[in-house]
Amino acid sequence: MKIAIIGAGKLGFKLAEALLGGDHAVTVIDVNDVALNKVISQMDVMTVNADGREIRVLESINISGYDYLIACTNSDEKNIVIASFAKKLGCNHVVARVREPEHMNQFDFIKETTGIDYIVNPDLSITHEIYKYLVEKYTLNNGIFSSGGASLIEFAAWKVPELVDLPVTQFRTVLPGMLAVALSRNGKVIVPHGDTVIQRNDYLYIIGEETPIEALSKKVHVQGKYTNLQKVMIIGGGKTGLYLAKKLSEFGISVKIIESNKERCYYLLTRLNDVMVLHGDGTDIAFLEEENLNEMDAFVTATGYDEENLLLALMAKQHGVEDVIAKVSRESYEGIIEGIGIDMALNPLDIEVSHLLRFMHGTKRFVSSQLIQGQAELIEIVANNHMVLMNKPLKELKLPEGILIAAIHSNDRVIIPDGNTVIKEGDRVIMLCHLSEIPELEKLFRTKKFSFFK
């Protein structure tokens, strides 16, 4: 596919990187020389140093011949204008990043009046994942995700005591016919391998045939019980803090937001009902203790600084807060998250790139998609003989550590694969991928000779 990305910031850069894995033709447009030079130094893409709002710029790259345009500059209004112009000039599909709360309830109207096909909002997406974890407790609906005769279940390892301290290689001695596709440990979702040992407090993601998984669910899940969440403290009153506070408050939860900018506090007060907004320094531990940090059921760090978010999350965990979640945008910090011991660390860019790719791929190849704790994605694809992953044993694919083929639905039969399993034409393949490995996942969908999407 031919894809134009307007804006070479964090989201634009991340999206371009992922798309190149799928062997697409990508053009990046930005007015910032420094941002474009970073793209040029790390990727083989066409770049244009210009303002994407100018019609002549879009015409100069022949935007009518593009399959997608994604406008992700730092301005909602710019993105809406650019996407609208591109649509009028003949681009097949246009996407705009729109983040401001004022637009939150008018997405449908914006799309209808401007011709925009899809709107992305990273802050809203990460809010949804945090809310789902805190309020529903299970990150999968009722703890189970089912598709094509295969089901994935999520539960704490201690609920099946025989699994605790067991190497993954011996997993099937306890749960025959099933496969451990992922586990969440100390805030990080990982794909287990043969030498991985299951720990008591791990959350396990197990796939198998629908009937035995449902039987297991009755053993490990308490029906109708989601959460006893009552008090939540949020550090940072930015867009994520605002969206999350509003959503939690509407559910009936007592919410406190700590925000250091006095003007922002006034802004929050005009847009939030039944939420306590406090002007203060979120890094002041004494201040947080005065505001009853120890009594909180959950603590969310959503400032604009990753280091601050991680350190405050660690502090909250040391104060005994049960559920601690941090917003972290830098992949370089992934290695230290597990050691900190927080419950969840989410990267809004990874989540949004995942959403964008699924929209762009559409339903012809991708049957379904489900995020796991906002860090990994369970997807189902229809196998196509043109894909490079076809007609060879899985052990020859040399999959990265963060990618696992979990199940194959072939001729009305569910296969839990091993290294000798071969994917064939028409198979529905369920795969698990850590969001940081999306560029590698895209490579598996490359065609041997021509574009996968033709």
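Student: What is the bridge partner of I258 in strand 14?

Tutor: L278. This is a predicted model: local features need pLDDT of at least 70, side-chain atom pairs count only at pLDDT 80 or more, and totals for chains, interfaces and linings use all residues. Numbering starts from 1 along each chain as its sequence is written, and side-chain values use heavy atoms, without hydrogens and water.

Student: Why are strand 13 and strand 14 called paired?

Tutor: Pairing takes at least two DSSP bridges between two strands. Strand 13 (residues 254-259) and strand 14 have 5 bridges, in the parallel sense. Strands here are DSSP E runs of at least two residues, helices H or I runs of at least four, both numbered from the N terminus.

Student: What makes strand 14 and strand 17 edges of the sheet?

Tutor: The open sheet runs 14-13-12-15-16-17, with parallel pairing. Strand 14 (275-279) and strand 17 (344-346) each have a single partner strand, so one side of each lacks a neighbour in the sheet.

Student: How do you know that L371 is buried?

Tutor: Buried means under 20% relative accessible area (exposed is over 50%, partly exposed in between; 1.4 Å probe, protein chains only). L371 has 7%, so L371 is buried. L371 is found in strand 18 (residues 366-372).

Student: Why is helix 1 called largely enclosed?

Tutor: Of its 12 residues, 9 are buried, so the rest of the structure largely encloses helix 1. Among them are F13, L15 and L19.
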